[in-house]
Amino acid sequence: MEAQAVTWLSGADLHHWRRQQLADWPGPANGLDWLLDLEGGLSWRELQSSHLHPERGLELRCGLDHLAGLWKRHCIEQVPLQHLVGRCPWRDLELAVSKDVLIPRQETELLVELACDLPLASGELPRRWADLGTGSGCLALALARQWPASEGWAVDRSPEALAVARANGEAQNEPMASLHWCVGDWWQPLTPLAGTLELVVSNPPYIPSAVVDVLDPGVRDHEPRLALDGGSDGLDSLRRIIKSAPRMLAPGGWLLVEHHHDQSQAVLALMQQADLVDCRSASDLEGNARFALARQACS
Ligand SMILES: C[S@@+](CC[C@H](N)C(=O)[O-])C[C@H]1O[C@@H](n2cnc3c(N)ncnc32)[C@H](O)[C@@H]1O
């Protein structure tokens, strides 16, 4: 749909239009306001002040018909808004997204914070690290910006996802680590790095297959199954990642993973079975154990 030209209108006209869009929508208004911001260029602050000053003029960078068309597709076909605008703000990044990658989730931002707080055996910043199942490249790019003097490897089995991640990398203007984008199956492209990785992060597919089938249609029908489906108990990918971690990590190197809300005990048990040490869980902002970390013993 054509975005049309810049549009001028009063706050009163915008709110009239906004009420029309929301009339048959049972959900909250924040999706429409998000669309006004990302596609229309109208910040939340401008929207709020237009309630107080409805007579003042506002500028949108596209037409109302264009926005109404996108909103309709979201409401009727349940297409995620991030797909409709083609991008997603995440942490301090703005990432291109498509149907080929998981839309980066807010809870995954915590994985970056956890990674940055890890005590490394060397007492220094990581020099070599990897992101397994990079999707949009969100984790790899956040870490690459955090540690510009390091070298990172970002792996995904989906060539289409990797193309999105690579393009997101090329769009960055900040100093960044040197990044290698690798298509492949979990550790397989990293085999030459065995025993040298000081940190590996992963947000693998971890939803049990039967649960994927009954997910909200906005997720189930529009996000890649390869990014969601973790097999019958959701742990297929985590099992493989954890099993090979001791071979790939440097002495004292950390593995840090995200998992489903009910997998904490099982993931910690897998880490212990793999002879990783200092196994522990970490919680999301709602207090649910959603992350597990462990390290290779120092030799
Ligand atoms: C849950 S998504 C995470 C994407 C991104 N890291 C994030 O946090 O938003 C899991 C990713 O793992 C990838 N994946 C699935 N199976 C894989 C495999 N065997 N080897 C490598 N990547 C795989 C998927 O294509 C998907 O991009």
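Me: In which helix is Leu36 found?
Reply: This is a predicted model. In it, the helix that holds Leu36 is α2.

Me: Is Leu36 buried or exposed?
Reply: A residue is buried if 20 or more other C-beta atoms lie within 10 Å of its own. Leu36 has 26 C-beta neighbours inside 10 Å, so Leu36 counts as buried.

Me: Leaving aside neighbours within four places in sequence, which residues is Leu36 in contact with?
Reply: Leu64 lies 28 residues from Leu36 along the chain, and their C-alpha atoms are separated by 9.4 Å. With sequence neighbours within four places set aside, the contacts of Leu36 are Leu42, Leu47 and Leu67.

Me: Are helix α2 and helix α4 parallel, perpendicular or oblique to each other?
Reply: Helix α2 covers residues 30-38 and helix α4 covers residues 64-77. Their axes come within 11 Å and cross at roughly 140°. Angles over 145 degrees count as roughly antiparallel, and 65 to 115 as roughly perpendicular. The two helices, α2 and α4, are therefore oblique.

Me: Which residues of α4 make the contact with α2?
Reply: The crossing of α2 past α4 is right-handed. From α2 come Gly31, Leu32, Leu35 and Leu36. The contact residues divide into 6 nonpolar, 2 polar and no charged. On the α4 side they are Leu67, Leu70, Trp71 and His74.

Me: Which residues come nearest to the ligand?
Reply: There are 23 residues around the ligand. This shell divides into 12 nonpolar, 8 polar and 3 charged. Nearest come Gly133, Gly135, Arg157, Asn203 and Ala227.

Me: Which elements give two or more residues to the shell around the ligand?
Reply: Two or more residues each come from α7 (138-146), β6 (151-156) and α11 (225-228).

How values were computed:
Residues numbered from 1 in each chain as written. Predicted model: local features only at pLDDT ≥ 70, side-chain atom pairs only at ≥ 80, totals over all residues. Axes fitted to C-alpha atoms, helices over the stretch in contact; angles between N-to-C directions. Helix = DSSP H or I, 4+ residues; strand = E, 2+ residues; numbered from the N terminus. Parallel < 35°, antiparallel > 145°, perpendicular 65-115°, else oblique. Left-handed = near helix turned anticlockwise from the far one by under 90°. Contact = placed C-beta atoms within 7 Å. Nonpolar A, V, L, I, M, F, W, Y, C, P; charged D, E, K, R; others polar. Near = placed C-beta within 6 Å. Buried ≥ 20, exposed ≤ 12 C-beta atoms within 10 Å, placed from the backbone.
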